[in-house]
Amino acid sequence: MTEATRATEDPRVFYRDIKPYEAPAELDELRGPRDGSVELPITVYWGPAHTFDLANESDVVEAYQATLREGRTVDQVELLNRDLLMRVWPELLLPVRVRSLWEGRFPELSAA
């Protein structure tokens, strides 16, 4: 049996395939901070440190990945900044469905 055959015969439903993801209606709604630090709520990021330095590129990437994957729209508009998102978008490791949702709604991200 090939890997492709096993995948099509697999009756399991994975949470990653049904988890609801959210995105705002417009990128301009993202009014989060551009500098300083941002503290993610426990509902968005449950790691040991919740505060991220926006001057540190790896902190921005980690905070934005968590917010896009786990945040509701209300979290995203408060925590994400449009310009920072455009800058780090190519570096973000996101589930396929999250990337598809955001790039489908905001084609300018694909060009970033």
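**Figure 1. Charged side chains across the predicted model of the protein chain.** In this predicted model, the protein chain carries 13 positive and 21 negative side chains, and the centres of these two sets are 4 Å apart.

**Figure 2. Overall arrangement of helices and strands in the protein chain.** Seven helices and two strands make up the secondary structure of the protein chain, and along the sequence these elements follow the pattern α-α-β-β-α-α-α-α-α. Taken along the principal axes, the box filled by the C-alpha atoms of the protein chain is roughly 55 × 35 × 25 Å. Of the 112 residues in the protein chain, 36% are buried. When contacts between residues at least 6 apart in sequence are considered, 62% of them join residues that are at least 24 apart.

**Figure 3. Helix α3 and the elements against which its buried residues pack.** Helix α3 spans residues 57-70, and its 14 residues reach 20 Å from the first C-alpha to the last, which is close to the 20 Å expected at 1.5 Å a residue. The buried residues of α3 are D59, V60, V61, A63, Y64, Q65, A66, T67 and L68. As a general point about such helices, an α-helix has 3.6 residues a turn, so residues three or four places apart point the same way. The packing partners of the buried α3 residues are strand β2 (51-53) together with helices α4, α5 (82-88) and α6 (96-105).

Figure 4. Q76 belongs to helix α4, which covers residues 73-79. The relative accessible area of Q76 is 0%, and Q76 is therefore counted as buried, the cut-off for that class being under 20%. Once neighbours within four places in sequence are set aside, the residues in contact with Q76 are E22, A23, P24, L30, T67, L68, G71 and W102. Two of these contact residues, T67 and L68, are themselves among the buried residues of α3.

**Figure 5. The salt bridge between R82 and D28.** R82 and D28 form a salt bridge in which the closest N and O atoms are 3.1 Å apart. Because R82 lies in helix α5 whereas D28 lies in the loop between α2 (15-18) and β1 (37-39), this pair ties together parts that are 54 residues apart in sequence. R82 is partly exposed, its relative accessible area being 27%, while D28 is exposed, with a value of 61%.

Figure 6. D83 sits in helix α5 and R34 in the loop between α2 and β1, so the pair ties together parts that are 49 residues apart in sequence. The relative accessible area of D83 is 37%, which places D83 in the partly exposed class, whereas R34, at 54% relative accessibility, counts as exposed. D83 also forms a salt bridge with R82, for which the closest N and O atoms are 3.9 Å apart. Through shared partners, salt bridges join D28, R34, R82 and D83 into one network.

Definitions and conventions:
Residues numbered from 1 in each chain as written. Predicted model: local features only at pLDDT ≥ 70, side-chain atom pairs only at ≥ 80, totals over all residues. Heavy atoms only, no water. Helix = DSSP H or I, 4+ residues; strand = E, 2+ residues; numbered from the N terminus. Buried < 20%, exposed > 50% of the residue type's maximum accessible area, 1.4 Å probe, protein only. Contact = heavy atoms within 4.5 Å. Expected span 1.5 Å × (residues − 1). Lys, Arg positive; Asp, Glu negative; His and termini not counted. Charge placed at Lys NZ, Arg CZ, Asp CG, Glu CD. Salt bridge = Lys/Arg side-chain N within 4 Å of Asp/Glu carboxyl O.
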